[in-house]
Each structure stands twice: as C-alpha cells, then as structure tokens.
Amino acid sequence: MINHNHDKLSLSLLTCLISLSLLPSPHTTLNQTLILTQPNPTSPINSSLSSRTNYIVRFYHYKSAKDHKHYLEESIRSDGWIWIDRNNPAARFPTDFGVVAIDDDDAAKKEKIVISFAKLEAVKDVSLDLSYKRVLLADESERVGAFIDGKKRPGKIFTSMSFGEGEHYVAITNASSLNFNRRLLMQRSQVTSMFGADVLWAKGYTGKKVKMAIFDTGIRSNHPHFRNIKERTNWTNEDTLNDNLGHGTFVAGVIAGIDSECLGFAPDTEIYAFRVFTDAQVSYTSWFLDAFNYAIATNMDVLNLSIGGPDYLDLPFVEKVWELTANNIIMVSAIGNDGPLYGTLNNPADQSDVIGVGGIDYSDHIASFSSRGMSTWEIPHGYGRVKPDVVAYGREIMGSKISTGCKSLSGTSVASPVVAGVVCLLVSVIPEGKRKNILNPASMKQALVEGAAKLSGPNMYEQGAGRVDLLESYEILKNYKPRASIFPSLLDYKDCPYSWPFCRQPLYAGAMPVIFNTTILNGMDVIGYVESPPTWHPINEEGNLLSIHFTYSDVIWPWTGYLALHMQIKEEGAQFSGEIEGNVTVRVYSPPAIGEIEPRRSTCVLMLKLKVVPTPARAKRILWDQFHSIKYPPGYIPRDSLDVRNDILDWHGDHLHTNFHIMFNMLRDAGYYVETLGSPLTCFDARHYGTLLLVDLEEEYFEEEIEKLRDDVINTGLGVAVFAEWYNVDTMVKMRFFDDNTRSWWTPVTGGANIPALNDLLAPFGIAFGDKILNGDFSIDGEQSRYASGTDIMKFPRGGFVHSFPFLDSSESGATQNILTSGMNKADSPILGLLEVGGGRIAVYGDSNCLDSSHMVTNCYWLLRKILDFTSRRIKDPVLFSNSVRQNAPLYQADNQLPSRRTDVNFSSYSSVVGKELICRFDSRFEVWGTKGYGLHVRGRNRRLPGVQVIDLGRGLNSTLETPTIVDSPKFIQKNKADTVGNKYLGLLYRDEVDMPVLVGSHWLLPAVIAVSGLLVFLSFWRIRQKRRRRRKGSISSRLANL
C-alpha cells in the first residue's frame, strides 16, 4: 500500500513537471530604481550666471530677523553662505523666515549647506526664492508665454498669458521644485450702477474705515482719482513707490476711484498700496512673504491679488495665504485667464479660504477668457471642488490711468477688483466695533455665494454660485449670525446644465462611487471640528437604496474645510428607475468666542435630488483610467502636442470633466455610461465593463495590474482602448533647459505618455509603441484627421488589423533621417491597430490630442465611436477591418529596440506607483477600500492578492449584472463554428492566430489537453496491468491451496 501511494505521488510530480515545462519564462519585472543626475556645475550655462542663489529659510516661530540671523550663524559655522538683510517696512515686525544667499561654485557644498539648514530644529523648510514676472505687450498678436518658439524666456515658467485691450500682463515661473508660476491677470468698463452700489451710497455706506491692501505695481501719491491713499510701501529692489506701468492704478480705480467716468465701488476705502512688482514686472517670493506679514501686522481688512497660476504646491506662498486669512483678512483673487479651457483654475483663487472670481460679459455669458473648474488638487483619487466662487463683470471695465483719465480693460483680474470693491462696501455696512466679531473670510463668502444670482446657461464649474448680487449680500449681512454652511448647498440632477457633469449621467447600482466634493464654510471661528459623522436623511423609502460614505476635514482651518460624498446605489436597486431625494446633515462646532462659555455649534445641510436608472448592460459601460495620469505640478510634464510651443506644461488635470469634458459629453450622447477609476487596475471588476479606456497616461504600473489586465482581457472578455502619445528620449533631452532663477536643469519627467510603461502593460498581447514623433493629415473612410505629435506602433501580432499612413518623423533621430533623405520621403507608419485576443478585444492608437480639448486641431470622436463599437460591442467596421489592412505577418521589433526609460530623472518623486504600495482608495467600490483590490481571475479560478479576501466571481458584487460572454460570435465577418463544448474550449485555435511572447489561452490549452489525455491513457494501462497482477496472484494462491 505504501508503494502504491508512492507511485501515485511520483506520477503527480511527473505531471506537474510536465505542466511547468510548458510555461514560458516569467515576465520581466519593472525597473523601479530611477536615478537623478545633478546639473553639471561647470557647464557653460552655469559659468555665465551670478555666483549665488537666494533661498528662503522658514522658521516655526516668529522672531526678529536679527534673532533668526544669529541662530543660523551660530548653527551653521561654514563659509559659502550669507544672510541677506531685508530693509523694508516689515523689518520692524517679527518674521517667520529669512533669506540667505548660497554660493553656486561648488554644487556639492551648496547642497550640503541647504540640507544643514533644513535639519535645524527651529527650521520648517528651505526653498528657492522664486521670481515672478509679467510682460507688457503691444497687442494680442504678440502674446507669448514663458516659451517662445520652444525656447525658454528668462524667469519662471508660466502657464499662459493674460490678454487685454492694448496691454498684456503675464507671470513667469519656474518648474523645477514644487514652486511654479504666478501671474498678474490684467485686462478693460462703469459697473457700479449695474450692481446697485448707489443704493448703498445713499444709505451712507461708502467703504469708510475699511483697510484695503492692493498687491500690485504701486500707485502715485497725488493721483486725482483717489481721496484716501493711506500708505504706499515698496517691497522691490527699486527705489520708488510710484506705479510706472498702470496696472496697480487701474485695480485701485475699480475699487475706490472717484472720477465720474470710472467710479469705484467704495470711494472712501483706505488704500494701502503694496508695490511688489518692479518696472520690469519682476517679483520674488520673499517680497510677497514680507508684504503678507506686513499686511497681517497692520491689520488689513481686505486684500486683492490679481495674480495666479497652477502652482498650488508652492508651499511657502500657499501656506502664507492660509496664515493671512487665518488672521481675518478677506482675500479676493482672479481665477485666471486660461478659458475657455477646463481645469485651468489659478492659485491662490482656487484655495477654499480665498474668494475666487471669474469673469462674465454684460450679457451674463461667461467670458471666453475666464478659467473653468474643477480644482485639480484632489486628482486622481478624489474629485475637484467647485470654483470659481462667484463671477462678476470683467469685460470692457473702466478704470484709472497712471496719472489721470480713464481706460477700459478686460480679464478676470478686472473682475477681481470689482468683487474686492463690493467686499469693501459690504464691510463698511457692519459697524467698526463689531466687524471682527461678524466678518471673516467665511462669513463674507457665505454672503456672496448665498446672495449670488445663478445664471441660466453656465454650469457650476464655470460660474460657481453665480453673478455677485451686492444688494442681496447686503441683506444677508445685515442680520448675520455666525454659522457654518456647505457650498454648494444643493446637488440637483434635474438642474441641467448647472449641475453638469452630474446631471448628464444618472446613478446606477454596481458603478464606481460618484464623488461630490463640497466646501464647509465656518463663519463661527477660524478653527472648527466636525462633531459627529455626517448623516444621510432620505425623504422616502427609495432613498434607502442610496449608500453614501463621507470623507471630510478632521480640522476645519482656516475658516473652511471639505466634505466629500462618495455615492453608490445598493445592489437591491439594480432595477430601480426613479428619483431619490433627501438631506445630508453635518454638525460643526468651534471654540467659544471671547465672552462666551459654550462652544459655538451649527448644523449644515446639503440637499440631494438624484436620478437613478437600472444598471446598464456591460457593453454600454466604459471605465476611464485616471490613476495613471500625472500632471503639473509638481513635475515638468510636457504638453502632448509639440506644435504648441508657447504653453508646454500639461496642467489641466487630464480628467473626464476637465480637458476631456467634450469627449465625455459625446460619449453620453452616444449612449455610453462612463465611470472613473482613480486607483490601480486591480480595483475594478472587469466583468461589469465593456471597455477600459486608457488615454494619455504617464504613470507606471504595478505588476499585479499587468497580470490582472491580461486575465481581464483573455478570460473575462474586457475590451481595452489605448490612446497613446509621443515619447522620445532624444527629444526630451533637447527640451530640457537651465533655469536662470533656480540654477537647475529642468527636464521632462516623461514624454506626452509613458510609452515604456504602456509597452509593459501591453506586452502580454504582443503590442508595443515606438519612439517616433509623427505629424500629418490623414483620412479614413472620408473622415479627415490630424495626427499631432503621435507615436508609431512597433509590435503587433499576426491576424490583427493595422492602419499605416505616410508621415514625417519630427523626433531628433527622425529629423536627422529626414535631412539625409532630403525630407522628400514620407514613410508609412502604423498608428492604429485592432486585435481580438482570447475573449477580449484591444485597440491602440498613437495620439490623444484629437480627444483633448486643450489644443485640439481636429477631433477623432468618430474613430473613438468605431473603436468602442469593436471593444465593447464586438461590431467590426468594414473599413477598419478591411482585408487590405490585415496583418499576415506580425510587426516585430526586438525588446532592446523599444523605447527605454530615462535613468536621469527621479520618477519616484512624481509617481504613485514607483516605491509606493498598491492600495484601492476612496474612489473605488466601498468593498475594496483600503485593500489591494479584486482577486485575479486566472484560468477560471480565483487568485487572491495578498491581504484580500476571496471574492465570489461566480456571483459577483452585483448579481443582477449580465455575465460576460467570452466566445460570442461578433456581429461582423466571423466564421461559423460548431457550437459544441469542445469547440467552446478550443475555439481560440480556430480564431486568427496571435503571436505573443507570453502565455495566452491558445498557448496553454492544447498542451494541457494533450497532457491530461496522456495521463488518462497511462492510468488506463496502469489499471489493466494491476488487474492482471491481481488475477495472477489469485490463481497462484489457489494452486498453492490445492497443493
């Protein structure tokens, strides 16, 4: 018996060895060790620069500059650095930072000094003293950015420039640390009467005793348009207080001018002019920080900032703004002049404690130049906040000239002083002795957003609460009692287009959570807390089908916090169609005010009116991958189209509801339901989606993601549509520049897309992109399209369908080849490939600019629809699947010839994958929050990821959903096959052959069947032999007995 079991064990081991021998070698792992190389200090560029760089050293506590200087000199006893004395009005007040100059001669020594400063106990952090620059231009035809014809201008990188009637102001910023650009948003009409300011003037409210800080280019002391210039301060390195450009004077005129041709809103406001820009339109972070500190020390009431940029990670600036508002200064700022593009909010206007102002024309239409939301701080895991807060007239606005007279300009930086003037007028309504107890950044924003008039056309991310209504806000403030509230206070799916994008797609069971991110405004105190978790109160029984998880600020400071709703319909609502209404309540408390004993408490209410539909069929559901998108800031992520040479940063969020919002609307019009995934690919159940949409992705991939996607396609029937972008190391190297401000090299973190990472993801299917940069026009079935800085396909399996077109390669290597061939020959380059593999379908295209509304030349929505017909619905377009483009031989390129990763950039600084833990976050289905995701479905069996419970893939998370069909016949050109069980298992062998370097169903199934068949035959022979032996033993025994 022991020998018999031993034979069975040996046979089992032999079978396992045979099976293992049929497997290919393991897939190569991702190389996640990236090296950062420092700039060469002996380069010609460095040698031509000044010998020192200024750094800001921030301290935890306020002390005199003399004490801070003494502390640093005693702590860091080495040469190579000096303390810079700042002789400005703030010098007589305590400060929380100092400026030091460090020698550039020895890069290693310079880095050592910076690190030594940062390690000191009293030091908070060390950062470069960044410069800001704006440029005055003659007319719109001369508008430029930080890059002119692809070459960087001196100063910091800026996003895009403002525009105006005859004058243009831009800010230039840098892109190397976490600190980037700011911009003065300048632009041109008499608006006080349109807001009813004369009504409040008649009541005696004219802005008296209101201290208004204007951070700009200064003002002349005896200007005839102003009756109350209290103080002028200069924070620059120029010896003047005057405005020699006209920007600061114009802003002041809109707020407090008294000339009858260009009246301001609050003529008796006390003007404090902070000159923070030179005549050359240059400023530094340290100048702003000193000026902000001085504004705090001198108890300003309102502060106007006509500056902005997408640099919300410029921490010294952002945190100083928080400190400013925490000291009860109401800050008003322009939202930006980067419209009509979405996802272009400027900082600091995009901060919740700042009143962000957008622009409209006199017809109550959103001005084309006004930046649109949502905020992009929260992407990829969350969802942006509603901004701007309000809009005001910003086109053809009248204001004061430098010395006398009036002129008109346009822009959100004109709309900003309009609102700042309104705020000054409203502040003067409250008696001076009560102002600080009632008025603060939160209560003023409550009065503005609750009193605003909602416009009929724009959505919430274009207009915020609507057009400022001075008189309505006045009525609110007259009887104001400190309280907390939520903005927006209503989400109504029936209110379209205001509630876009929510009103465009109803809720349904089984979907990714729909996130609505609101702002908590706490008018009770600068600090507040959520007393107990928010609660959902449905008004009818159907409301119980809605499940809401909440994420919110632990501490509400300064004055504001966030409350995000993650909404799902429960499984029992899979067939429900109707509306769900109810309220979300959250109770906020703050410490008692002076003279009070009990804490202040307030209940905030958010009303929900939601639309629900039955769960759509799998073929109608698309999942958008947001997780693998990286944006600016913090890294130098270049634009996708290299033809756009004056706006090279990719900073619009790359989200369905920012620069891909037109595509989102098109997909909804086509009947698709589009969901967003902000977590790794292990965090969704592929059985519920027709297509995974991968567009313009810069991130790396976890190995678990690559493995799961392979299984999702082959065994679960998922469709995948990929829209890639250019990637060429030589071109990226050429795009780098040495920034004169930070004394450092700036180099792209990746190309338009991360092709090496995409190639790893697609390797199991035998697909890879190349490193060409292709440009040109082409046509498919009469549809004209522009290929803008797209890439080529280098590997594709036999049996697929590949479309090629003649383009010139504009990459560095391609340009050299064009010169050698006189640039006359355009080689055919494969750019579109379609493939059936296993039960799924894959489509790859080398360009995403035709889907991105930022710099689109022509759209390719027609192509996207045809691709989705194939990947989601198995419908083959006759032109795309013409026999003339069928691959009878595979496209092949050795792996060492494919694009490689850069080793001179520290990619982990910007990545959510490299060096990070795989985890499903709050944008995933509730059941996988905090886990590594769903089990991998391999060969019909559940495969667990570490730390994840087994999920029943037979029943799934939503049992009402249809089961995925793996071997259904497509609706166009497919051979008939016998519908037998054997053919269902072996059907892959009759399909078009697929050349792949790794295991797929058609590679393991046949050897496995042969091995099993051989084993069965062997067991049969073995049993027969055993029976014969027993018979022989039996006959011998009987013979012996007879003997």
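Me: Which residues are linked with Arg58 in a network of salt bridges?
Reply: Arg58 is linked with Lys124, Asp125 and Glu319. A salt bridge here is a side-chain nitrogen of Lys or Arg within 4 Å of a carboxyl oxygen of Asp or Glu.

Me: Before I go on, what kind of model is this?
Reply: This is a predicted model, in which local features need pLDDT of at least 70 and side-chain atom pairs count only at pLDDT 80 or more, while totals for chains, interfaces and linings use all residues. Residues are numbered from 1 along each chain as its sequence is written, and side-chain values use heavy atoms, with hydrogens and water left out.

Me: How many salt bridges are found in the whole structure?
Reply: The search finds 40.

Me: Take Asp389 and Lys445. Where in the chain are they?
Reply: Asp389 is in the loop between strand 14 (355–360) and strand 15 (390–393), and Lys445 is in helix 11 (residues 441–451), 56 residues apart. Their side chains meet in a salt bridge at 3.3 Å, N to O. Helices (H or I, at least four residues) and strands (E, at least two) are DSSP runs, numbered from the N terminus.

Me: Is Asp389 buried or exposed?
Reply: Asp389 is buried, at 2% relative accessibility, and Lys445 is buried at 3%. Buried means under 20% relative accessible area, exposed over 50%, and partly exposed in between (1.4 Å probe, protein chains only).

Me: And Glu74, what does its side chain meet in a salt bridge?
Reply: The side chain of Arg77, at 2.5 Å, N to O. Glu74 is partly exposed, with a relative accessible area of 40%, and Arg77 is exposed at 65%.

Me: Now the sheet. In what order do the four strands come?
Reply: The order is 2-3-1-4, in an open sheet with antiparallel pairing. Two strands pair if DSSP finds at least two bridges between them. Strand 2 (81–84) and strand 4 (123–128) are the edge strands, each pairing on one side only.

Me: How many bridges join strand 2 to strand 3?
Reply: Four, with strand 3 covering residues 95–103. Ile84 stands opposite Val99 in strand 3.

Me: Which strands does helix 3 touch?
Reply: Helix 3 (residues 65–75) packs on the sheet and touches strand 1 (52–63), strand 2, strand 3 and strand 4. Contact means heavy atoms within 4.5 Å. The direction of helix 3 makes about 115 degrees with that of strand 1. Axes are lines fitted to C-alpha atoms, for helices over the stretch in contact, and angles run from 0 to 180 degrees between N-to-C directions.
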